[in-house]
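Welcome to this structure! Here are some notes to keep beside you as you look around.

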Amino acid sequence: MNDIKIDWNSMAKAYEEFNNAEDSYSFNIEWPCIKELLPDLKGKTVLDLGCGTGIFTFLLENCNPDKLLGIDLSEEMLQIAKEKAEKSNSDAEFILHDAATCGEVVEEPVDFIFSSTTSHYIKDLGQLFENVSKSLKAGGECIFSIIHPVYSAMYPIEHADGSYPEDEEWNVRYLDKSMRAYIQPWLEYNDEYENHLSKSYHHTFADYMNAIIGAGLSIEKVCEPMPPEEWKESQPYRYEGFVESPVYMIIKMRKNK
Ligand SMILES: C[S@@+](CC[C@H](N)C(=O)[O-])C[C@H]1O[C@@H](n2cnc3c(N)ncnc32)[C@H](O)[C@@H]1O
């Protein structure tokens, strides 16, 4: 089993608790920006790549698509998504597969592809966006919320001996393409996980642009969402930290032919 799948299987419960909270970044920073960019999904076919526990899948379902499919690499993340779907009578379907080769399981090209904070777990961005393009109808649209390259550039470089990164290793190494290994900030204060190392890749802005252009997708808009204005007062530490090193870049794309 690959390291990233093992990581996500073991972090699933903690991820859901942290990110499904009312004051999460997902609900307060990503979603307001994504909502502004969303096309009309009523009656459309939709794919959520790296859907995890379905946080965004279920938000997309509120837009009344005809068919909604979530794809993820982790059985444990999908298990939580499926339990939530059953409880809420959701029609969303979920399958276990690598998003980078989603073209293998998407039978009919879809109208809209969404993905949040998954692409930095995928080594080959060219392969990912080729598969996105293949799985999208001509004229179809696509929104990727990616970990901002400035932020993933701060993830500490993997230590050869598997030891844990120190705080001072969280600094920008933008052009360094080495594998990253770090303690997820949202796991740091969870007593059930002691020094749990999580692995990912770091892709630069140019890596994303070239993979997208190479797959024949055109870019419609790129956004760098701010935290809510009220956090300046209510959560100044979080607000300032986010302004200093933004976590998200949201890219809207279209397949022209
Ligand atoms: C940060 S979570 C995001 C989950 C969800 N999109 C959300 O925003 O709540 C990253 C997800 O990507 C999944 N993932 C990592 N590599 C993947 C791959 N190659 N194919 C599909 N899913 C992958 C993980 O299992 C995990 O569920």
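1. A word on terms comes before anything else. Helices (H or I, at least four residues) and strands (E, at least two) are DSSP runs, numbered from the N terminus. This is a predicted model, in which local features need pLDDT of at least 70 and side-chain atom pairs count only at pLDDT 80 or more, while totals for chains, interfaces and linings use all residues. Residues are numbered from 1 along each chain as its sequence is written, and side-chain values use heavy atoms, with hydrogens and water left out.

2. Let us begin with Ser-74, which sits in the loop between strand 2 (67-72) and helix 4 (75-87). Ser-74 counts as buried because its relative accessibility is 1% (buried means under 20% relative accessible area, exposed over 50%, partly exposed in between, with a 1.4 Å probe and protein chains only). Apart from neighbours within four places in sequence, Ser-74 is in contact with Trp-8, Asn-9 and Leu-96, contact meaning heavy atoms within 4.5 Å. Ser-74 and Trp-8 are 66 residues apart in sequence, yet 6.0 Å apart in space, C-alpha to C-alpha.

3. Now for the ligand. Which residues around it are the closest? They are Tyr-15, Gly-50, Asp-72, Asp-98 and Ala-99, out of 20 residues that surround the ligand; a residue is near a molecule if one of its heavy atoms lies within 4 Å of it. By type, the shell holds eleven nonpolar, seven polar and two charged residues. Here Ala, Val, Leu, Ile, Met, Phe, Trp, Tyr, Cys and Pro count as nonpolar, Asp, Glu, Lys and Arg as charged, and the others, Gly among them, as polar.

4. A nitrogen atom of the ligand lies 2.7 Å from a polar backbone atom of Gly-50. Of the 590 Å² of accessible area that the ligand has on its own, the protein covers 97% (areas come from the Shrake-Rupley method with a 1.4 Å probe). Helix 1 (3-19) and helix 3 (55-61) are the elements that give two or more residues to the shell, and helix 1 gives the most, with three.

5. Next, the aromatic rings. Rings of Phe, Tyr and Trp (its six-membered ring) pair if their centres lie within 6.5 Å; planes under 30 degrees apart count as stacked, over 60 as edge-to-face and the rest as tilted. The count by this rule is 18 aromatic pairs. Phe-58 and Phe-94 form an edge-to-face pair, 6.0 Å centre to centre with 65° between the planes. Phe-58 lies in helix 3 and Phe-94 in strand 3 (residues 93-96), so this pair ties together parts that are 36 residues apart in sequence. Phe-58 is buried at 15% relative accessible area, and Phe-94 is buried at 9%.

6. Tyr-155 is buried, with 4% relative accessibility, whereas Trp-170 is partly exposed, with 22%. Elsewhere, ring pairs link Trp-8, Tyr-15, Phe-18, Tyr-121 and Trp-186 into a cluster.

How values were computed: Polar contact = N/O pair within 3.5 Å; in protein donor to acceptor, adjacent residues only side chain to side chain.
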